Amino acid sequence: MANLAISGLRKNYGTVEVIHGLDLTIEDGEFISLIGESGCGKSTLLRMIAGLEDISAGTISVNDRVINDVEPKNRDMAMVFQNYALYPHLTVAENMGFSLKLRNVEKAQIKTAVGEVAEMLNLTPYLDRLPRALSGGQRQRVAMGRAIVRRPQVFLFDEPLSNLDAKLRVQMRVEIRALQRRLGTTSIYVTHDQMEAMTMSDRIVILNKGRIEQVGSPLELYDRPANLFVATFIGSPAMNIFQAIVERGEGGTHLRIGSARFRLPPQFDIGKDATVTVGIRPEHFEVSEPAGAAGEDKLDFRLELIEPTGAETHLYGAAAGQMVTVAVRDRLSFRTPAQLSLSARPEHIHLFREKDGTRLGTL
Amino acid sequence: MSPRSLKSIGGKVGTGFAITVLLIWSLGPIYWSVVTSLTSPTDLISSTPRFWPSHVTFEHYARLFGSTSLSQGNEVQSVWPQFSAALINSLITSAVATLLTVGIAAFSAYAFVRMRFPGRDLLFVLVVATLAIPAYTVMIPLYRLMISLKLVDTYLGVSLIYVSAFLPLALWLMRSVYQAMPLSLEEAAWLDGASKLYTLVRIVMPLAAPGLIAAAIITFLNAWGQFLIPLVFSPTLATKPLTVLIPEFVGRNYVDYGLINAAGIVAIIPPVLVVLLLNRFLVSGLMAGATK
């Protein structure tokens, strides 16, 4: 049982700073994902928590005890590595029991503990095999088992599923989440796959260039992205971004995006003739045809390509002078190219300050 | 015939030729030595060279192993006492040098790869650079040093010189072996609660075994074949190895080709056995299954 507090955490490699003062609190039993593009510092942060990287400044505490200078072996954290890092010369059972053996746990007890976890992970038939005789998915399970057997305070996962094929990845995703719920162990999960982060986490930390962009529950990030980075990072296909001009005239203030005009509610205090950045998710567009019925709040859309994915249909084309992606549930049978209209409900139109991308709200 | 099949035949002929030349180059001297050791002294000085003796004789081996034997019609003392002492000396100095060299290299190479300390890479380069120093240049100062330490003509002294001579190569080899190993395995062990030393001995070294074996083979063969160092530092049969003893069969008036070659043939048996034995452990694929 452990809560984690990270405060003012920094990491330099020589003169290059890669983590710029992170603050984060992780509650006991929470499943938290660190997500971001490669090089954003997510793995470095995880390795600092594990004790595999030195801390340049700031503190990491577990249960209010600072662990900056505690050796990895004394942190009571278990890590599942991206490449599994199984001991190739030890059997599955020996791999899983390694940490218990180091703590001088009795042989019989190790056997029972390993047996229980192997049962949990369907590894019982493979206990006497060497890792080389296992499939990728089985090796992944052994790596998980090795972490679970010792009942650590914290699980650390470093992109553990990225080497599995798509189907297995989905299956393991569910299994890891179910196991974590059952064990109630605080878990930190690094991934670059937003589907993994969205489906597994209690909360997600979005990192960008060594800074936290936003921390929140998956749906919070999706519904109320704190800034443009989060807005375009979460969601697939990615959110469409437009530059809109604020027009003030008779009948109130409006926002103009290409051919469309949207009423701007009075709570937005934006200067006249200023521009704001508008984001609309592909799945929040409604498609209508043809352009003849164009109203004030409809965007002309020239459809160029239709991509059926089965569950959804993705439409690609141009609107307001840029590439736009639309995702719909219906199976549309337009001929391409076609001239269509797009509309979106006000609560799905996100506004961001143009200067720094900070969220302003929805219309 | 198509040009293509001509080309492939040409390639095969070329490969066969190269292999033949290589075999003659490496096995030819050994074959010549075997034949000489089985030829009677009178045939040895005949003017027509032969590829196989007209009468096979074991008299040279008898002089090597027997208690007394006939040489040029006279009964003489066998050389077995000297020969066996030198054989044991060769075995001891080579084995001690190999164990020390591989043992030191196994730990210190790891430090050069995984530990951070100031001047690490410079120190490594300096150690490896000693490979470029010819043994002759240090022989005299080394001799004075060994005399003052009373280490001349002792197993320890000779072995230590071997270690200092062969360690850089073994160190270099082990460093690249460790560098090629995934760090995540060691990190996994540390997080599992293992100390650095435990991780090195129980996780890293078993996986680096092929490298350790290769280092052992190279060191043993190098030590076994040493001539100059024992010539200077092993003046008596207390530590004199075969490489120094065998040329002494050349007398003032008579070169005993048969005996020299018989002894030479016996002298290559131990290294061949060592290589055959160690080679069985020189398997690849130990790392299979560790990752992905």
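View 1. A:Arg10 has A:His20 of β2(A) as its bridge partner. The model is predicted: local features need pLDDT of at least 70, side-chain atom pairs count only at pLDDT 80 or more, and totals for chains, interfaces and linings use all residues. Residues are numbered from 1 along each chain as its sequence is written, with chains lettered from A and ligands numbered from 1 in the order in which they are written. Strand β1 (residues 4-13) of chain A is joined to β2(A) by eight bridges, and the two run antiparallel. Strands (E, at least two residues) and helices (H or I, at least four) are DSSP runs, numbered from the N terminus; two strands pair if DSSP finds at least two bridges between them.

**View 2. The open sheet of chain A.** The order of the four strands is β2-β1-β4-β5 (chain A), with antiparallel pairing. At the edges are β2 (16-26) and β5 (65-66) of chain A, each of which pairs on one side only.

**View 3. Strand β3 of chain A.** β3(A) runs parallel to strand β8 (residues 186-191) of chain A, with five bridges between them; A:Leu34 has A:Val190 of β8(A) as its bridge partner. Four bridges join β3(A) to strand β9 (residues 203-208) of chain A, also in parallel, and A:Ser33 is partnered there by A:Ile204.

**View 4. Helix α9 of chain B.** The buried residues of α9(B) are B:Thr199, B:Leu200, B:Ile203 and B:Val204. They cover an arc of only 125° around the axis, so they lie on the same side of α9(B); the arc is that of the directions from the helix axis to the C-beta atoms. These buried residues pack against α4 (80-114), α7 (155-179) and α8 (183-191) of chain B, contact being C-beta atoms, placed from the backbone, within 7 Å.

**View 5. The two domains of chain B.** Chain B is divided into domain 1 (3-77) and domain 2 (82-279), with bounds from an automatic or database domain assignment. The contact takes 11 residues from domain 1 of chain B and 10 residues from domain 2 of chain B.

How values were computed:
Buried ≥ 20, exposed ≤ 12 C-beta atoms within 10 Å, placed from the backbone. Contact = placed C-beta atoms within 7 Å.
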